[in-house]
Amino acid sequence: MHTNVYYVGFQYFFKILKKKVIIKCGRTHIIVIFASSKESLKTEPFMTESTLRSHLEKVPVKIFNDRDEGSKLVAREIASLIKEKNKLDKFTVLGLATGGSPLLLYKELIKIHKEEGLSFKRVITFNLDEYYPMKPDDANSYHHFMYENFFSHVDIEPENINIPDGTLSVEKIDNYCRDYDNKIKSLGGLDIQILGIGRTGHIGFNEPGSQSGDETRLVHLNEITIEDAAKGFGGKENVPRSAITMGVKTIMQAERVFLMAWGREKSEVIKAAVEGPVTGELPASFLQNHPDAVIVLDPAAGSHLSRIETPWLAGKCDWTDRMQKKALIWLSGHTKKPILKLTESDYKEWGLNSLLQTGEKAYDLNIEIHNKLQQTITGWPGGKPGSDDKTRPERSEPFPKRVIVFSPHPDDDVISMGGTLIRLAEQGHDVHVAYQTSGNIAVFDDDAYRFMDFVRGISKKMSVCEPEFEKIYQNIAGYLKTHPGNGNGNPDVLTVKGLIRQGEAAAACRFSGVKEENVHFLDLPFYETGSVEKNPVSQADIDIIVDLLREVKPHQIYAAGDLQDPHGTHAVCLHAIFDALKVVKEEAWTRDCWVWLYRGAWQEWDVEDVEMAVPISPDELKKKRMAIFKHQSQKDEPVFPGTDSREFWERAEDRNRETAKLYDSLGLTEYEAIEAFRRYKF
């Protein structure tokens, strides 16, 4: 993108109210400045980074290190307002959201209530929406969600809680909705409105096609929204097709608005809402017209914003080594040229003048970045013995290495780095695999029933402990019959499901060449709740990991850096490893221990972040697939598939092939597939 600036004497344009006009001509932006004299331009700066960013980002955006940090900021803002209004003996009126985005916010508010005495007695709440039809005691109702995750943990008065009523007859809904809006208005409007955002760009259940004048009403849900809700309802066919939602107009009348979004799956819709036009086809874009709205993101949700994705087009760019690599990969993709074929005119045409202004020549930059990418590729993930390792991602010595592959669930190892795992074992390294959680809730009840049938059959056929096994069978089978779809509510059922996943993991390890004695099932306690909601990591969890580290004293650690797991288990498991490493970091063996982070099940590293790329041949990719197939309970249709309809082996292969194709397009060696890693230094 080029930016050309033209000065025009203001006296000739006295009828024009704006002082600056931006005209877009393809990739060229022409900025016309109206001023009384050229001297005034010196005192009225217009090309600063902040103004360019405010032009691209039409809503204030705050990006935090993680969702915890972002949630705490919003919680503190709410708590501060409540304290201020409590002192004045005034009510605080809050608009609240449901879903995954505000969960940590509610946890933080509960914490502030319990630890700092924040009172909610003078807080009145209005929820954004509710499915229709929906009974308040239904496990999928937003009534249930709010009481489960917030209201039952604070001292809010029941009469001050307002949630749309999903039990009304259709004839009563219009009047009810008018009353809902009028009640908000009678209280002076909402002081703060909390929002999430759906993949359709909806806020509340204001789906594409909503208008700025819409108030609370009954709406039909978009098909994508229904798909996203299907998991909680046990299938699309069970999701209500309608909902009662607060309207865009009601939301926009709130004094302040915080929209919270986490994860890469929200990154594209966030970019469109923040940088695109205001349109009813993307209702979140209406926030561009709100006087005090803030978008709160984690790095993944903000990853497509121009300031992150292409900062050289959004303002001043700090040309670090990583940013240079990122820019040339981007330029190669847009020009459809390998890096070594990029020309100076390509740099200029695509807005990378500032990179050339660092003093580097295009020819030299091309070679430098090409070589750095080439040096990430290795067929020896544990290091090649006896080789010159100066330009290799891993050390040649010691050889063989002791290796621990940490897997959050009992299949992440083979899904995300199965090819590398197999190669490490084949190349003679002492490979250990540590499964951090049991993964028991991700097994269908029918599988537990089927395995109990098998155990019962073995007992009878071999006349082994028949009465004892029959008693166990009747207990578990009886529970599953009387509690359809709720097997995870029984500890014995969870034990069976955990053993199913252990058996699958052990089979995959055998197939991959990992010794039986090197397979470790850690069963970290934080996970064992029997539900999607987990406990916080405790010292007991960290101690289990510390004990394994001290036992093995690894030269290499592989851990899941794939933080887009929809339930957050990957992130929790990774931070538990980091906490354990802090405990042992002064021990002698850690000086020769490197940590590599893998991805693959839910996302992949961007090429500019890859520090080790392990090529996978067609035969190795087939072998990796067979290792994944050992996890039969997760095949065909896993319990927690996320929004990606592909099976896990398909996702893994597609991502591995896409990485290889990208390396190929940059002018590097063509491979069937590549598994990518980034080093973490502790």
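This note sets out points on the strands, helices, loops and single residues of a predicted model.

1. Basis of the model. The structure is a predicted model, in which local features need pLDDT of at least 70 and side-chain atom pairs count only at pLDDT 80 or more, while totals for chains, interfaces and linings use all residues. Residues are numbered from 1 along each chain as its sequence is written, and side-chain values use heavy atoms, with hydrogens and water left out.

2. The sheet that contains E14. Seven strands form an open sheet with mixed pairing, in the order E16-E15-E14-E17-E18-E20-E19. Helices (H or I, at least four residues) and strands (E, at least two) are DSSP runs numbered from the N terminus, and two strands pair if DSSP finds at least two bridges between them. Strand E16 (519-521) and strand E19 (612-616) each have a single partner strand, so one side of each lacks a neighbour in the sheet. From one strand to the next, the twist averages 25 degrees. Within this sheet, strand E14 (residues 402-407) runs parallel to strand E17 (residues 556-560), and 3 bridges join them. Ile404 stands opposite Ile557 in E17.

3. Helices across E19 and E20. Helix H22 (residues 618-629) lies across E19 and strand E20 (673-680), at about 95 degrees to E19. Helix H23 (residues 648-665) also lies across E19 and E20, running at about 90 degrees to E20. Axes are lines fitted to C-alpha atoms, for helices over the stretch in contact, and the angles run from 0 to 180 degrees between N-to-C directions. Contact means heavy atoms within 4.5 Å.

4. The loop between helix H15 (362-374) and E14 holds Gly386. Gly386 is exposed, with a relative accessible area of 72%; exposed means over 50%, buried under 20% and partly exposed in between, for a 1.4 Å probe and protein chains only. Leaving aside neighbours within four places in sequence, Gly386 is in contact with Ser396 and Glu397. The C-alpha atoms of Gly386 and Glu397 are 7.8 Å apart, and the two residues are 11 apart in sequence. The peptide bond from Glu397 to Pro398 is cis, with omega near -5 degrees, and Pro398 is found in the loop between H15 and E14. Another cis peptide bond joins Phe399 and Pro400, with omega about -5 degrees; Pro400 is placed in the loop between H15 and E14. Most peptide bonds are trans.

5. Positive phi values. Most residues other than glycine have a negative phi. Asp523, in the loop between E16 and helix H20 (539-552), has a positive phi near 45 degrees. Asp523 counts as partly exposed, at 31% relative accessibility. Lys553, in the loop between H20 and E17, has a positive phi of about 50 degrees. Lys553 counts as partly exposed, at 38% relative accessibility.

6. Helix H19 and its ends. The 22 residues of helix H19 (residues 491-512) should span 32 Å at 1.5 Å a residue, and the end C-alpha atoms are 31 Å apart, which agrees. The expected span is 1.5 Å times one less than the number of residues. At the start of H19, a side-chain oxygen of Asn490 comes to within 2.7 Å of the backbone nitrogen of Asp492. Just after H19, Gly513 has a positive phi of about 95 degrees.

7. Packing of H16 on H19. Helix H16 (residues 412-426) packs with H19 at an angle of about 35 degrees, and their axes are 9 Å apart. The contact is made by Asp413, Val414, Leu421, Ile422 and Ala425 of H16 with Ala508, Cys509 and Ser512 of H19. These residues divide into 6 nonpolar, 1 polar and 1 charged. Ala, Val, Leu, Ile, Met, Phe, Trp, Tyr, Cys and Pro count as nonpolar, Asp, Glu, Lys and Arg as charged, and the others, Gly among them, as polar.

8. The parallel sheet. Another open sheet has 7 strands in the order E4-E13-E12-E9-E5-E6-E8, with parallel pairing. Strand E4 (61-63) and strand E8 (161-162) stand at the edges with a single partner strand each, so one side of each is without a neighbour in the sheet. E4 and strand E13 (residues 293-297) run parallel and are joined by 3 bridges. Val296 in E13 is the bridge partner of Lys62.

Conventions:
A polar contact is a pair of N or O atoms within 3.5 Å; within protein, one must be able to donate a hydrogen and the other to accept it, and residues adjacent in sequence count only if both atoms are side-chain atoms.
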